[in-house]
Amino acid sequence: MWIPIQIDENSAEPMYHQIETQLRSLIINGQIEENTLLPSIREFASGLNCSVITVRRVYQDLESEGLLRTKQGTGTFVAKVGDSKRDTFKRESVVDALGKAVDVAISVQCSEEDIMRIFLDIVTHKYHSEDGKE
């Protein structure tokens, strides 16, 4: 099974975190369905050109979050993701991204009014652009 994960080797973000974040999103958004058998740790690591230890950590972290379950001798599967978990994930993702954006704005000394105006401009552009999006 091919899993669309892209690693940015120039990113300051640790590799395991990049993989974990993308795999979590794919599971939460339903792009990888419940009961899907994931590649073995060795296969996944080979496909991503990373170490087995990195993928093992990703699988363990997502298993502890309840997103994966491992059956001895069979493999690692995607667990059921409920609506409340999906909603929580969406909200946390947006809050995290906006928090980072506000931190950048503060670091370059944008006023609160400037941040709000920029935010509303971006939302308006993204939701009402002419390319057919919402």
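Let me begin with a term: a salt bridge here is a side-chain nitrogen of Lys or Arg within 4 Å of a carboxyl oxygen of Asp or Glu. What we are looking at is a predicted model, in which local features need pLDDT of at least 70 and side-chain atom pairs count only at pLDDT 80 or more, while totals for chains, interfaces and linings use all residues. Residues are numbered from 1 along each chain as its sequence is written, and side-chain values use heavy atoms, with hydrogens and water left out.

Searching the whole structure turns up seven salt bridges, and I will walk through some of them.

In one of them, the side chains of glutamate 20 and arginine 24 meet at 2.8 Å, N to O. Both residues belong to helix H1 (residues 15-28), where they are four residues apart, about one turn of the helix; helices are DSSP runs of H or I, at least four residues, numbered from the N terminus. Glutamate 20 and arginine 24 are both buried, where buried means under 20% relative accessible area, exposed over 50%, and partly exposed in between, with a 1.4 Å probe and protein chains only.

Next, in helix H4 (residues 83-107), aspartate 83 and arginine 86 are three residues apart, so about one helical turn separates them, and their closest N and O atoms are 3.6 Å apart in a salt bridge. Aspartate 83 counts as exposed because its relative accessibility is 57%, whereas arginine 86, at 22%, counts as partly exposed.

Finally, arginine 117 pairs with aspartate 121 in a salt bridge, the closest N and O atoms being 3.9 Å apart. Arginine 117, at 46% relative accessibility, is partly exposed.

Definitions and conventions: Helices (H or I, at least four residues) and strands (E, at least two) are DSSP runs, numbered from the N terminus.
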